[in-house]
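Here are my notes on this entry, point by point. Please keep the structure open while you read.

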Amino acid sequence: MSLDVTTKRAISRQAVIDAIPLEIPAIPFALVLGLVITESGIDYLVGWSSSPLIFGGAAQLTLISLLGSGTAWIAAVAAGLVVNARHVMYSAALAPTFQRQPRWFRWLGPYTLLDQVFALVSVRPEEEPAALRRYYLTAGATFWIFWQSVVALGLVIGPVVPTEWNLAFAVPLMFVGLIVVGINKWPKVVAALVGAGVTYLFAGLPNKAGLLVGAMAGVLVGYLIEENRR
Amino acid sequence: MSAFLAILVVGIGTYASRAIFIVALAGREIPEKVLTALDFVAPAVLSALVIALLIDDAGNVSMGWPEASAFGVGAATAYKTRSHIWTLAVGMAVYWAVRALI
């Protein structure tokens, strides 16, 4: 079913209006990412290419920071992939909605399935397919343009910031904020503490491999607590 | 070049994680146990990363008063405000202040 022009415009406008408040909190992430790229020793353009290629702030920050701090390639890549594993849940949650969409959109849509886009779209499962598609594509495009530009802006600001400020510390600090905001039950607190504690214990492992041990231990402990609560 | 390859691999993996059920496995359910485990990926991995990013070349975790107090105040700020901007601003301010004091 096709939509008339007025309806299309109204949907697009709504998508942009909904997206903006979710973009503002992402600004420091994008700027810090730009700064981290300039300090990582990775070619600026290559670092920036993570924005269109990965299009996910936490994974980009993880990968670039780890590569820049001498972590083994395989551990950095594994960490980046694991950080983004949560998207599998979004994919499963939206699969029924996407069933009613054309094939081209089922392939294109997942590319912009950010946390924010999921949050916006997951509350509209009953919407008519053409209208949902319009909304999703507009919101996705809004986030895409925003993200590519602000990361590029961070690249420009990066070299101006004095290195004594050690702005790289902003990355773990932001992750602490992400953990706290994401905690909605106490076993997640335990999972986070175990993840940090075990990584600390295994800090001496070469190439920061302790990271993967800690992450696995955290998931395992969280899982076991949750299974035993049932 | 190897950095670009790393970005490309994570990019493909990220797309795959977003697309898997929408493109390929629509209609199939994720086993309950897998969902339970996936729910803990974010806190466990992010907290492991917080420590990993502070590990220096000698394999020691360089966490002193500036880092510890910034994490503590930053976590409290995130809890209170739910805002990344405030977390970053207050946390970095504490980090710089404590670093200047000691």
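1. Start with one term. Two residues are in contact if their C-beta atoms, placed from the backbone, lie within 7 Å. Now take the contacts in chain A with a separation of 6 or more: residues 24 or more positions apart account for 74% of them. Bear in mind that this is a predicted model.

2. Chain A first. It has twelve helices and zero strands. Read from the N terminus, then, its elements run α-α-α-α-α-α-α-α-α-α-α-α. The C-alpha trace of chain A spans about 60 × 55 × 30 Å along its principal axes. Of the 230 residues in chain A, 50% are buried.

3. How is chain A divided? Domain 1 covers 5–178, and domain 2 covers 183–230. The centres of these two domains of chain A, taken over C-alpha atoms, are 25 Å apart. Seven residues of domain 1 of chain A are in contact with six residues of domain 2 of chain A. On the domain 1 side, helix α5 (residues 73–83) of chain A gives the most, with four residues. By class, that side has six nonpolar, one polar and no charged residues.

4. Chain B next. It holds five helices and zero strands, in the pattern α-α-α-α-α along the sequence. Is chain B compact or spread out? The globule rule gives 13 Å for 102 residues, but the radius of gyration of chain B is 19 Å, well over that value, so chain B is more spread out than a compact globule. Its C-alpha trace spans about 60 × 40 × 25 Å along the principal axes. Buried residues make up 44% of the 102 residues in chain B.

5. Look at where the chains meet. Here 61 residues of chain B are in contact with 79 residues of chain A. On the chain B side, the elements that give two or more residues are α1 (2–24), α2 (32–38), α3 (41–52), α4 and α5 of chain B. The largest share, 19 residues, comes from α1(B). By class, this side of chain B has 43 nonpolar, 14 polar and four charged residues.

6. Now the largest nonpolar core. It has 105 residues, and B:Val45 and B:Leu49 touch the most other members. Its largest share, ten residues, comes from α3(B). The core also draws at least three residues from each of domain 1 (5–178) and domain 2 (183–230) of chain A. Which residues does B:Leu49 contact, leaving aside its neighbours within four places in sequence? They are A:Thr62, A:Ala79, A:Phe175 and A:Leu211. As background, nonpolar side chains tend to be buried together in soluble globular proteins.

7. Finally, check one helix. Helix α4 of chain B (residues 65–81) has 17 residues. At 1.5 Å a residue it should span 24 Å, and its end C-alpha atoms are 23 Å apart, which agrees. Its buried residues are B:Glu67, B:Ala70, B:Phe71, B:Val73, B:Gly74, B:Thr77 and B:Ala78. What covers them? The cover includes α10 (170–182) of chain A together with α5 (84–101) of chain B. After α4(B) comes B:Arg82, whose phi is positive, near 55°.

Terms used:
Residues are numbered from 1 along each chain as its sequence is written. Chains are lettered from A and ligands numbered from 1 in the order in which they are written. This is a predicted model: local features need pLDDT of at least 70, side-chain atom pairs count only at pLDDT 80 or more; totals for chains, interfaces and linings use all residues. The expected span of a helix is 1.5 Å times one less than its number of residues. A residue is buried if 20 or more other C-beta atoms lie within 10 Å of its own, exposed if 12 or fewer, and partly exposed in between; C-beta atoms are placed from the backbone. Domain bounds come from an automatic or database domain assignment. Ala, Val, Leu, Ile, Met, Phe, Trp, Tyr, Cys and Pro count as nonpolar, Asp, Glu, Lys and Arg as charged, and the others, Gly among them, as polar. The radius of gyration is taken over C-alpha atoms; the globule rule is 2.2 Å times the number of residues to the power 0.38. A nonpolar core is a set of buried Ala, Val, Leu, Ile, Met, Phe, Trp, Tyr and Cys residues joined through C-beta atoms within 7 Å.
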